[in-house]
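Student: I have a structure open and would like to learn how to read it. Please take me through it one feature at a time.

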Amino acid sequence: MAGVPFDLQLLNLCAALLLLLSFAMLSQRRIVNLVNLLAVQGTVLFIATLLIAWRTRQAHLYLSAALTLGLKVVLLPYLLHRLIRRLEVYWDAEPLLNISGTMLIGVLIVVFSFGLAQPISALASTATRNAIGVAVAVVLLSFLTMITRRKAMSQVVGFLSMENGLFFGAMSATYGMPMVVEFGVALDVLVAVLVLGIFFFQIREQFDSLDLHHLESLREDATSRRRE
Amino acid sequence: MEFLLLIASPLAGAAVLAVLGAKRFAPQLNIAFSLVTFLSACALTARVIGAGNLTFAREQFFIDPFNVFLVTLTALVGLTTAIFSRPYMRVEMEHGRVRAPQLRLYHSMYQLFMTTMLVALITNNMGLLWVAMEAATLSTVLLVTLYRTGPSLEAGWKYFVLCGVGIAQALFGTILLYFAAEHVLGAEGVSALLWTHLNAVKGSLEPKVLSLAFVFLLVGYGTKVGLAPLHNWLPDAHAEGPTPISAVLSGLLLNVALYAVVRCKVLIEGSLHSSLPSQMLMGFGLLSVVLAAFFLWRQRDIKRLFAYSSIEHMGIITFAFGMGGAVANFAALLHMTVHSLTKSAIFFAAGHAAQKSGSQLMDNIRGLITLSPTIGWGLMMGSLAILGVPPFGVFASEFLILTTAMRQQPWATPVLLMALGVAFAAIFGRVQPMVFGETTARRLPHPPALLPVFLHLGLVLALGLYIPPYLAEWYRAAARLIGGG
């Protein structure tokens with residue numbers, strides 16, 4: 001990587017780490033570890049934001065980095081860990097697809113993402129070209145995590161990791177969104193986790209479990225039987 | 001001033017009702033806040049008619065012909081739904097389906113939902129639009145699960161996950177839009193997400209990035225519009241939540257989500273110089289119409305039936321916006337108005353009908369007309385109106401859409417006509433025995449509020465017979481703004 005400044009190399013390293021973490025999430029079945037991986041992902045995101053803030057000297061990016069640190073590294077993992085303890089869900093059930101199969105699909109997704117990001121990367125400054133492809137890949141891999149999991153808790157981690165991917169995309173493509181929007185998005189994410197917390201207690205109260213196959217009765221044919 | 005009140009009133013309502021929402025006078029308080037919102041919407045409209053387009057708060061908010069009529073409509077339906085929900089929720093209390101804490105949550109979240117809808121409509125910032133749409137999902141998720149039954153939790157979870165993932169796609173689309181705009185409007189980021197600024201420079205935005213952005217935005221907001229094949233959350237959320245929520249979901253949320261799609265379409269079509277966005281809208285619209293029409297036959301739950309009918313009508317409107325041009329846009333806007341009014345009126349009537357029969361299953365609802373002629377006629381009239389029987393307003397807009405389709409997209413006309421026919425047979429066949437015949441209904445502990453039902457139907461009838469010139473001028477101005485075709 002001769003000729004590339006050191007801080008850009010670091011940024012590329014962050015992108016690579018994010019991709020690696022997404023694959024780790026895809027294969028992880030212990031929910032506690034899944035939340036820890038989410039926190040690590042948040043930390044990498046925080047470092048990437050700091051790097052970009054330092055490089056472009058935009059003051060509002062430091063604020064955005066602080067927001068990432070507070071929300072994604074500290075607050076959300078803390079809330080999720082508390083939920084896990086109180087709901088006593090530690091393991092996910094066997095995923096709908098076995099791990100190696102999921103990994104293979106994941107590799108294909110990465111190739112597809114870089115293809116999809118091509119027209120955007122072509123316009124971006126050279127510094128962050130790879131990063132946009134990575135961001136798309138992280139979003140789609142998180143989506144895959146959500147699809148293949150059964151427990152509501154792991155789906156939520158997938159959802160939050162998708163949001164991290166989007167944030168990284170915004171950061172690398174446009175050096176962050178306007179501050180109003182970033183605050184709004186952060187607020188929405190926080191409220192989403194709180195709402196889900198309430199929601200999980202309701203689900204558990206009703207079904208004594210957080211396994212989502214309880215939530216499969218609402219089908220066209222089933223509705224009539226259920227109500228009678 | 002009116003503008004500030006428009007946002008502040010529901011927001012204050014949410015805060016006050018979070019504390020007092022379970023008191024005896026809470027429903028009246030809910031109505032009062034909605035009334036203030038409605039009056040400020042009217043005042044704002046009057047001002048816009050006089051002064052033209054307005055922007056507020058450093059251009060973060062704006063009013064133009066397209067959103068001003070939706071603001072008034074949203075505030076009106078918000079008010080009438082609040083009036084309807086007063087006796088409805090009291091009956092639910094007596095039947096033991098909700099308790100005081102849930103009622104407090106319900107009232108507070110209702111006002112919060114109204115806030116998010118209004119912010120989404122009047123914001124000029126595409127990022128804030130996204131934030132408000134997401135907040136709308138979050139504020140209604142706990143309302144869908146209000147009854148805490150298994151099916152309602154399932155419906156809520158589906159609603160959250162599908163709309164959450166969908167709206168995440170829309171965020172990515174917004175980021176791409178910002179990315180493209182930044183190259184033109186400069187990196188300072190203050191104006192690069194403002195719709196008015198984007199609209200001014202839409203011709204010079206990078207088309208490749210924008211076409212990608214449109215796909216993400218359409219899928220994202222389209223999920224909330226309930227466009228097939230992303231509509232799965234919609235019938236469940238409508239059927240399992242309390243009826244006032246079904247009414248505002250169908251009457252307001254779908255409209256506002258579609259509004260977001262159309263705003264994006266205007267920008268992106270201006271940049272692409274191709275008909276890709278139009279074709280995508282027409283495709284998704286037509287698919288929704290056809291799919292919903294056939295799914296109507298399989299429904300046994302009255303609220304699910306009309307939820308599918310909402311998907312069908314959203315499909316028709318999306319198709320009309322896809323065709324574009326002055327007439328189709330005019331018809332689409334008119335259809336948005338009359339569908340919203342009619343569908344919420346139907347949900348009001350259906351909600352009381354289900355309460356009287358003690359079941360949402362259509363087989364158990366019989367002979368409404370003997371015990372309560374007003375509810376029976378309300379349901380009958382509403383169904384006829386939504387099916388496009390003249391002289392109701394839906395007939396006028398559907399007629400306009402069909403004749404435009406014959407001229408611009410002749411291949412689509414038979415498909416549309418067939419779907420409308422199928423839907424007519426499905427709904428009419430179900431509603432008739434519910435209204436006439438032997439009765440199974442019982443008396444309710446609180447007299448139902450039927451004023452909203454007949455107010456809405458009256459408005460729809462009036463719009464079918466005569467559109468006042470200033471309203472028509474308004475629609476025309478909005479149709480010009482949307483352009484295309």
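Tutor: Start with contacts: two residues are in contact if their C-beta atoms, placed from the backbone, lie within 7 Å. In chain B, residues 24 or more positions apart account for 81% of the contacts with a separation of 6 or more. This is a predicted model, in which local features need pLDDT of at least 70 and side-chain atom pairs count only at pLDDT 80 or more, while totals for chains, interfaces and linings use all residues. Residues are numbered from 1 along each chain as its sequence is written, and chains are lettered from A and ligands numbered from 1 in the order in which they are written.

Student: What share of the residues of chain B count as buried?

Tutor: A residue is buried if 20 or more other C-beta atoms lie within 10 Å of its own, exposed if 12 or fewer, and partly exposed in between, with C-beta atoms placed from the backbone. Of the 485 residues of chain B, 63% are buried.

Student: How many helices and strands does chain B have?

Tutor: Both are DSSP runs numbered from the N terminus: helices are H or I with at least four residues, strands E with at least two. Chain B has 19 helices and two strands. Take α8(B): 14 of its 19 residues are buried. Just after α8(B), B:Gly226 has a positive phi of about 85°.

Student: Which residues of helix α1 of chain A are buried?

Tutor: A general point comes before the list. An α-helix has 3.6 residues a turn, so residues three or four places apart point the same way. In α1(A), which covers residues 6-27, the buried residues include A:Leu11, A:Cys14, A:Ala15, A:Leu18 and A:Leu19. Seen down the axis of α1(A), its buried residues fall within an arc of 160°, so they line one face of the helix; the arc is that of the directions from the helix axis to the C-beta atoms. The face turned away from that buried side carries the exposed residues A:Phe6, A:Gln9 and A:Leu20.

Student: What covers the buried residues of α1(A)?

Tutor: The cover includes α2 (31-56), α4 (99-123), α5 (129-148) and α6 (152-174) of chain A.

Student: How many residues does each chain bring to the contact?

Tutor: Chain B brings 43 residues and chain A brings 38 residues. On the side of chain B that touches chain A, α6(B) gives the most, with 19 residues.

Notes:
The expected span of a helix is 1.5 Å times one less than its number of residues.
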